[in-house]
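Hello,

Here is the structure I promised to pass on to you. Have a look at it first, and then read my notes below with the model open beside you.

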Amino acid sequence: PIPNFWGTLFSLLGKSDQVIDVFLRTLDTIDERIVDPDFAKDRVRCNEIKNAMRQNCVSDLAATWYNILGAYHRTRPDLAQRCLRTMQNYIDWIDISLLTSEQYVNLFFFLLEVESLREEACDCIFELVSKRIEDPAAKLRLVERINVCQVLPAVIEVLVNQMKSVCEEEEYADESFALKIARLATTVGMELLDVMEKA
């Protein structure tokens, strides 16, 4: 049964970096083969598994992701990168409050300053902002809780200054990250406009 499976899986964490890698790969496989409605053959079973995970392990998953990012963002950025990519697949259907605490939000924005992780961190923030929420008041509270409107301008200003310092003959090295920030900023604006239209 799922509760025993997750209990066993969580009990193995901390034994080695290899276990962390297997843990994240297992989550990716669960998403790809079982949870993702676009690929799951049995939608009813898919929803049952999601509900069971929400009840039994999602809060532990969120705490584990946080610990992995905190522990490995410097020593094993490849594991932290994989963790952020895994998280992106789960943001759409888990309790959003688990990933929008002050600690988590501060961690995401801290990781925007870590060169090897900033694109994945930006993608996670994008998934949070674009999460489907019908209630406009709840959506506005989410955007405010993420604090993205306060932090993004500073990030954009840094990128603009970097672009100004690059000669026309040189290739801008951070183009991929700049594009992700632009997508995030555009999405924030669109989500706020949608809130205004629904209000």
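Which helix gives the largest share of the lining of the largest pocket? Before the answer, please keep in mind that this is a predicted model.

The helix to look for is α9 (residues 148-165), which supplies 6 residues of that lining. The largest pocket has a volume of about 210 Å³. Among the residues that line it are Phe 109, Leu 112, Glu 113, Arg 118, Val 151, Gln 162 and Phe 177. Sorted by class, the lining has 8 nonpolar, 1 polar and 2 charged residues.

Next, the aromatic rings. A pair of aromatic rings is described by the distance of the centres and the angle of the planes. The whole structure holds 5 aromatic pairs. One of them joins Phe 10 and Phe 23, a tilted pair with 6.0 Å from centre to centre and 50 degrees between the planes. Phe 10 belongs to helix α1 (residues 2-12) and Phe 23 to helix α2 (residues 17-35), so this pair ties together parts that are 13 residues apart in sequence. Both Phe 10 and Phe 23 are buried. Elsewhere, ring pairs link Trp 65, Tyr 90 and Trp 93 into a cluster.

Now for the charges. Side chains of opposite charge can pair when their charged atoms come close. The count for this model comes to 13 salt bridges. Here are some to find:

- Asp 21 and Arg 25 form a salt bridge, with their closest N and O atoms 2.8 Å apart. Both lie in helix α2, 4 residues apart, about one turn of the helix. Arg 25 counts as partly exposed, because its relative accessibility is 43%.
- Lys 180 and Asp 123 meet in a salt bridge at 3.1 Å, N to O. This pair links distant parts of the chain, with Lys 180 in helix α10 (residues 175-198) and Asp 123 in helix α7 (residues 118-129), 57 residues apart. With 10% relative accessibility, Asp 123 counts as buried.
- Glu 191 and Lys 139 meet in a salt bridge at 3.3 Å, N to O. Glu 191 is in helix α10 and Lys 139 in helix α8 (residues 136-146), so the pair ties together parts that are 52 residues apart in sequence. Glu 191 counts as buried at 17% relative accessibility, and Lys 139 is buried with a relative accessible area of 2%.

Finally, salt bridges that share partners join Asp 21, Arg 25, Asp 28 and Arg 82 into one network.

Enjoy exploring!

Terms used. Residues numbered from 1 in each chain as written. Predicted model: local features only at pLDDT ≥ 70, side-chain atom pairs only at ≥ 80, totals over all residues. Heavy atoms only, no water. Phe/Tyr/Trp six-rings, centres within 6.5 Å; stacked < 30°, edge-to-face > 60°. Helix = DSSP H or I, 4+ residues; strand = E, 2+ residues; numbered from the N terminus. Buried < 20%, exposed > 50% of the residue type's maximum accessible area, 1.4 Å probe, protein only. 1 Å grid on protein atoms, 1.4 Å probe; cavity = no way out; pocket = protein on both sides within 12 Å on 5 of 7 lines; lining within 4 Å. Points joined across faces, edges and corners; volume = space filled by probe spheres on them. Nonpolar A, V, L, I, M, F, W, Y, C, P; charged D, E, K, R; others polar. Salt bridge = Lys/Arg side-chain N within 4 Å of Asp/Glu carboxyl O.
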